Amino acid sequence: DPKLPLLTFSHDSVFENLSLNKELWKRMQFYSPSAGTYSLVIRNAGVDDTGKYSCKVDEYVLNCEGNMQPRSTGESGFTEVVVHHPENNLHVSQNDAVINLREGQGSFTVYCNITTHSNNKSAFEVTWLKTEEGITHPIFKALRNSTLQFLSKARDHFVFNRPSTNLYSLTLPMAKETDAGIYFCNVEEWLLNPRHKWYKIAERTSGNLTVSITAEDVSTYSTVCSSKSLFDFVFIYPFIIIVLLICVIFFLYYKMRKGGIHCLSNTNRQNKSLWKEKDILQNLSTSPC
């Protein structure tokens with residue numbers, strides 16, 4: 001394997017970076033704990049730092065003219081460094097479940113429970129998928145940077161929740177017949193390396209949630225109640241018309257009754273005046289001439 005120079009410390013105490021990797025240069029630290037002992041430290045080692053390391057020493061001496069000149073060269077043995085990714089310890093709950101619902105009468109929730117993970121600094125990306133008629137497609141995704149993506153073409157409303165660090169849930173409110181199928185989630189565990197780049201450690205899928213949706217019974221009552229305009233036409237408008245008719249009937253009854261009483265009083269008055277005239281005529285007829 002070719003050797004890649006990293007750092008040079010000259011006889012006149014001058015450092016020179018020989019590495020083309022600027023990020024690695026920032027992580028290197030050189031020190032000399034004692035005379036004749038030199039050390040190079042690489043901080044925050046990552047998988048890319050795996051390899052064999054050695055050092056080369058050039059000895060310089062002062063010549064008669066007062067200049068430093070090389071005298072001998074030596075090289076150390078190799079120090080082999082192997083940096084591993086964190087052990088894959090990602091596990092997701094594999095419990096299967098079955099739910100039966102009636103269309104439009106309930107909701108269901110697909111849980112994604114991460115029971116163990118590989119590193120305390122891990123971030124997760126969770127994708128919910130649905131299988132119907134043998135075809136699996138993603139419907140919703142929660143990225144590690146807290147961005148949410150709606151991936152379903154059949155439904156545009158989900159309720160996402162994260163009750164705890166390792167528990168995710170996706171709720172489908174007011175389930176429809178087209179929501180029937182097999183649901184599960186896929187979890188990706190990501191970790192930030194020393195170079196501040198994300199890499200995927202592990203990937204796991206959950207158990208299946210089988211959802212059956214029974215079609216809603218279509219009746220005249222449900223059809224009418226499901227439409228506001230039809231409900232108003234069948235119930236509200238007739239009620240208003242009936243109330244108006246009752247008011248008109250009562251008004252006409254009141255007018256007719258009042259008119260009848262008035263006519264009766266006039267008739268009695270006329271009868272009374274006629275009887276008085278008759279009495280006068282009788283008196284006149286009986287009076288002596």
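The paragraphs that follow treat the cavity, the pockets and the salt bridges in turn.

This is a predicted model, in which local features need pLDDT of at least 70, side-chain atom pairs count only at pLDDT 80 or more, and totals for chains, interfaces and linings use all residues. Residues are numbered from 1 along each chain as its sequence is written, and side-chain values use heavy atoms, with hydrogens and water left out.

Empty space is located by rolling a probe the size of a water molecule over the atoms. On a 1 Å grid over the protein atoms alone, a cavity is a set of points where a 1.4 Å probe fits but cannot get out, whereas a pocket is an open set with protein on both sides within 12 Å along at least five of seven lines; lining residues have an atom within 4 Å of a point. Grid points are joined across faces, edges and corners, and a volume is the space filled by probe spheres set on the points.

One cavity of 30 Å³ or more is found in the whole structure. The volume of the largest cavity is about 90 Å³, and its lining includes Lys130, Glu132, His137 and Ile139. Strand 12 (123-132) and strand 13 (135-142) each contribute at least two lining residues (strands are DSSP E runs of at least two residues, helices H or I runs of at least four, numbered from the N terminus).

The largest pocket holds about 1900 Å³ of space. Among its 44 lining residues, Leu6, Leu7, Ser54, Cys55 and Lys56 lie nearest the centre. The second largest pocket has a volume of about 300 Å³; of its 17 lining residues, Leu191, Leu192, Asn193, Pro194 and Tyr199 are the closest to its centre.

Eight salt bridges are counted, each a side-chain nitrogen of Lys or Arg within 4 Å of a carboxyl oxygen of Asp or Glu. One of them joins Arg27 and Asp49 at 3.1 Å, N to O. This pair links distant parts of the chain, with Arg27 in helix 1 (residues 22-27) and Asp49 in the loop between strand 4 and strand 5, 22 residues apart. Both Arg27 and Asp49 are buried (under 20% relative accessible area; exposed is over 50%, partly exposed in between, with a 1.4 Å probe and protein chains only). Glu23, Arg27 and Asp49 form a network of salt bridges.

Arg144 and Glu125 form another salt bridge, their closest N and O atoms being 2.8 Å apart. Arg144 is partly exposed at 29% relative accessibility, whereas Glu125 is buried at 8%.
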